[in-house]
Amino acid sequence: MSVQWFPGHMNKARREIENVMTQVDLVIEVLDARIPDSSQNPMLTTLRGDVPVLRLLNKKDLADKDRMNRWLEHWRDADQITAYPFSTQDKADLAKLSNWVQQLVPHRGSAEKPIRAMIAGIPNVGKSSLMNALLGKRVAKVGNEPAVTKAQQKLRVNDGFQLLDTPGILWPKIENPDASYRLAVTGAVRDTAIDYEDVALMGLKFFIADYNDALVSRYKLKEAPVDAVETLKVIGSKRGALRAGGKIDMHKAAEVFLSDVRSGAIGPYVMETPEMVADEWVKVEQVKAEKEAARQARLAAAVPQRQQKQNMDYRQDQNKASVSDEKE
Ligand SMILES: Nc1nc2c(ncn2[C@@H]2O[C@H](COP(=O)(O)OP(=O)(O)OP(=O)(O)O)[C@@H](O)[C@H]2O)c(=O)[nH]1
């Protein structure tokens, strides 16, 4: 089940999270560790208000440790947010979660007053996997649909810790075009208008710049790759992505590469650093400001034109009036 995030769906999801926020003591925000910024939705900060948040960088098994640590430091220093690298497949992490939760909600945690938490995040970050792992059973898969509004049940993790039975589904941010690409590269967003080959080329460009050695070793390349198109051709030829006649099938090559990226076959990676994302947002704001300035300029130019037309209409009306006066 998947949904295109039109404004109606976003409003519905927002309302649902808003409604349950009064019933919880804590939000567990699940992010994809490979895209720590793009897998966030800043709306959660507004929605949760004073409710504390525990941020999990999930799928840590696929992510680069140094870069994850930079994000943890950044959030601690800039936003006072507690975050941990995490994997829903790591029993030790699952065992530690109750303690982390308890530290953030010290006034609850007994059988009489259990900590009530909601898991929230954009699609595909691992919300259902986390619920299943904590509860030791399969909860219904909710897909990408905002939950149908209903009374939320609380499910017992242990005596002092309960979970709402439906995770809060947030929509991915699409304001920053670079972030949209990264969501597509990691597979967080599959229903995308971006061409599949373009997604692979963007991913490849990133790996060439940041994880060049990993590419060399995965695809046994003779030289350090420099150009994304050429490298995709080489990957295609090595993996038999060929059309009749021996030409490289670039779509198939893109599939091979993206499947490796998403499964972690190339090695651990994180596509974003706090500095890089900050620079991108400056650019997004600049583009917004330029668009607004152009709009204002168009409006300003349209005013004299409208004025001229009004003056002309007025003169024509006057002329007509004087002609009819003369006739009389
Ligand atoms: N490698 C790795 N994969 C994980 C981890 N946690 C979840 N996944 C995988 O990520 C994919 C998405 O997990 P889900 O639990 O369905 O994610 P979700 O956030 O509930 O997704 P929606 O239902 O679409 O909102 C699945 O293929 C999981 O097996 C993890 O810690 N490591």
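Which residue counts as buried at 9% relative accessibility? Trp 100 does, where buried means under 20% relative accessible area, exposed over 50% and partly exposed in between (1.4 Å probe, protein chains only). The model is predicted, with local features needing pLDDT of at least 70 and side-chain atom pairs counting only at pLDDT 80 or more, while totals for chains, interfaces and linings use all residues. Residues are numbered from 1 along each chain as its sequence is written, and side-chain values use heavy atoms, leaving out hydrogens and water.

Rings of Phe, Tyr and Trp (its six-membered ring) pair if their centres lie within 6.5 Å; planes under 30 degrees apart count as stacked, over 60 as edge-to-face and the rest as tilted. Nine aromatic pairs are found by this rule. In one of them, Tyr 84 and Trp 100 have ring centres 3.8 Å apart and planes at 5°, so this pair is stacked. Tyr 84 belongs to strand β3 (residues 82-85) and Trp 100 to helix α4 (residues 91-104), so the pair ties together parts 16 residues apart in sequence; helices (H or I, at least four residues) and strands (E, at least two) are DSSP runs, numbered from the N terminus. Tyr 84 is partly exposed, at 21% relative accessible area.

Phe 207 and Phe 257 form an edge-to-face pair, because their planes stand at 85° with the centres 6.1 Å apart. This pair links distant parts of the chain, 50 residues apart: Phe 207 is in helix α7 (residues 196-210) and Phe 257 in helix α10 (residues 250-263). Phe 207 is buried at 1% relative accessible area, and Phe 257 is buried at 0%. Ring pairs join Phe 206, Phe 207, Tyr 211, Phe 257 and Tyr 269 into a cluster.
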